[in-house]
Every structure is written in structure tokens, then in C-alpha cells.
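Hi,

Here is the structure I promised to pass on. Have a look at it first, and then read my notes below.

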Amino acid sequence: MLAAACGAAAVPAFAQTPAAAPAAAQPPVAQAEVARVVRHHAALVSASYEDTLAEALVMQAAIRAFLNKPSQDSLDAARKAWLAAREFYGQTEAFRFYGGPIDDDNGPEGRLNSWPMDESYVDGVVDAPQAGIVNNRKLPITKKQLSALNERDGEENIASGWHAIEFLLWGQDLSDTGPGARPYTDFVDGGKPNADRRRQYLRVVTELLVDDLRFLARAWAPDQPKNYRARFERGGMESVRKMLVGLGSLSRGELAGERLEVALASQDQEDEHSCFSDNTHRDAVANATGIQNVWLGRYKRRDGRVLVGPGLRDLVSARDAALAERTTRQIAASVEAAEAIPAPFDQSIKVGNPGRAKIQQTIDSLTQQSKDIVEAAGAIGITQLTLVQP
């Protein structure tokens, strides 16, 4: 197959990052105080996955409607639902990088959000119209098969998840001014070859994504004495350490590093995150917002309600109010900087485009906030963090 990939897959690096010691001796963090923060965080994670699952179900219904009666209007509705669901999933990435349900040895993260992908592994592309699983009628299209094929023989061989769905909905992005423009007739018998298999693929890959999100929602569901949430709530300072690892790793290694720096350096569309839909700028905002959610202990739900409770900021503020406030301001600055990245991202990364400065500003802010997070960990007695490095 000829590759038309969204870049080469990157392997995250991890490093032991020493946390700055508190300036003066502090009393140990009270267990009751830690327990309140950990319990509220578990509730926040649960709400985030519940909302993501709910939005994914809306997307699934829109995709079913499109597949039952393909048209430009029904395709546009399915694309809109994908974009809406991504807003919520992106915020959940602050719960990664510490071996939780999303990315432990058996976690579904690789099936859910692996990128960049060689889209010719899934379906035909301009240079290889007969490529991909869709056009290989010897391969069955089932959830088990797509799961087995995902990342087989190479990390860029993505067969499932958000970006496989994205590619099927938008197609290749061949435009400098907008996203991909796959015609709805690709899913109509008598149009593009193997339309029946393209419909089946989109239906099945969406079902698999919903299954994986349901698994995560159950892992964090309340009042389940044997699930991950129950263990996390009993974890004390170790659970706080995991929260900080997630924020620091997403800040520097993943978002600032793999998702922004790499593309800024290469100036290559193939290195952007959501390259088919031109949604990369919103991915960055959602990730930065997820970090802020955990730090503040605050999350805005899909129905508009706001979940508020003790967060990491409160633990740190009780021991170093100035540091807590500085970190809060820095995290807010990162969200603001990400919101200022112009779309389309694949044009903003090019030399001479004013968007490059906005992306660099976001990278710089995220890098500084990762240092602040390490210092904040030291203020509450956590002396080492194993963080993803770029």
C-alpha cells in the first residue's frame, strides 16, 4: 500500500523528574484533605467519561442515520457529531500516562486515539485507490478483526478509533483552506467501489469506539467496590501523584511536544493530530482545558452543569499559596494561548504564517506550566514524578 499518512508515529519517552523541595519544612498533608481531593477527582473523571460516552452515542446515531440514507446533509450531521464528541474526549486525556484504565497494559487507548495514521491502511487514497482494508474483500470487517488489525506491523497502521472514523467521514485533506471533502457517494452502491464495505467499516469502527468508552465509564463509575475508581479513591497520596503525572506528561511531552513542536518543526500536514477534519486546533484547546479541570477540580458538563470541588490547587495552596496562584495563572494562560491558534493548523505551522507564533506561544506556556506542576508536587511532598518527555 502507498502511504498517505498523518506522520510517523512517535514513541513517548519517560523520565524521572525531580520535584523542587518546599522552601521551608511543611507539616505533612492531612489524610482527610487528600481523601477529599482524590474522591472529587474520581467524580470528575467519571463525569468526563460519562459525557464523552453520551456524545459518542449521539455521534453513533448520526452515523447510523447517514449510513441508512447517505446524503450531504446526513454526512454533515455525522461530521458535526464527531467534532462535538471530540471536545469532551480531548479533556479526558489529562487522565492518561499513569497506568489507569485508559492506558494500562490492557487499556484501550491504542484503539481509541492512536495517531498519526496511514489512511491507506483503511481505504483507498489518491495514489492508491484500491488500498486498504475496505477494498480487500477477503478480510472480514468485525470489531474483533479491526481490533486485531490496529497497529499490526507498524504503529501508523491505525484501523480503529477517532481518527479512523474521522478519515472515513472526511477523507484525505487535500485542501490548503479547509478539511477533507469525501463525497457522500463513496457510501452509495454504484458510486465508489466497495461502498458496502465502507458502510460496514464505519458502522463497526464506531461500535468499537463506543464499547471502549463504555468500558472506561464503568471503570470510573461510583459505588462499584471492585472497579478502578474504588482502588483510586483508596490510594491516598499515590493517587495524587498519579494526577500530577497525568498533568505534567500531557503538558510537556504530549501536547507541547508530540502534538505541537513536531508539527511546527516539520511544517508538514502529516504531523498534525486531527488532519482530516482540520480539528487539530480544537484538540489542543480540549487537552489544555482537561489539565485545567484537574488542577482546579472543576468541570463543565455537557448539560451545562458545573462540577466543583477540591482540586490539586487546594492541596498546594494550603502549603504555598503563591505557587498555587502562579500555577493557576500559567494553566489559564495555556488555555488562552491554545484558543488563539488559528485554523487550519496545517497552514499555521508554515514559515511566514502568523499562526506559527501562536503555536510557539502555546508550547512555551505549556512548558512553563509543566515546571510549575513539578514544583507544586514538591510543595506537597512528592519528590519525583515519572513524566512523558518530548
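**What I found in the helices**

Helix H2 has a bend of about 25° at Arg86. Keep in mind that this is a predicted model. How far apart are the end C-alpha atoms of H2? They are 31 Å apart, and since 21 residues (72-92) at 1.5 Å a residue should span 30 Å, the two values agree.

Next, have a look at two helix pairs.

H5 passes H6 in a left-handed crossing. On the H5 side, the contact is made by Trp162, Ala164, Ile165, Leu168 and Leu169, while H6 brings in Arg198, Tyr201, Leu202, Val205, Thr206, Leu209 and Leu213. Sorted by class, the contact of H5 with H6 has ten nonpolar residues, one polar and one charged.

The second pair is H9 (residues 280-296) and H11 (residues 321-339): their axes come within 8 Å and cross at roughly 160°. That angle makes H9 roughly antiparallel to H11. Here too you can check the handedness: H9 passes H11 in a left-handed crossing. Residues of H9 in the contact include His281, Gln292 and Trp295, and among those they meet in H11 are Thr327, Ile331 and Glu339. The contact of H9 with H11 counts eleven nonpolar, six polar and one charged residues.

Happy browsing!

Methods. Residues numbered from 1 in each chain as written. Predicted model: local features only at pLDDT ≥ 70, side-chain atom pairs only at ≥ 80, totals over all residues. Heavy atoms only, no water. Axes fitted to C-alpha atoms, helices over the stretch in contact; angles between N-to-C directions. Helix = DSSP H or I, 4+ residues; strand = E, 2+ residues; numbered from the N terminus. Parallel < 35°, antiparallel > 145°, perpendicular 65-115°, else oblique. Left-handed = near helix turned anticlockwise from the far one by under 90°. Contact = heavy atoms within 4.5 Å. Nonpolar A, V, L, I, M, F, W, Y, C, P; charged D, E, K, R; others polar. Expected span 1.5 Å × (residues − 1). Bend = angle between axes of the 7 residues up to and from the residue.
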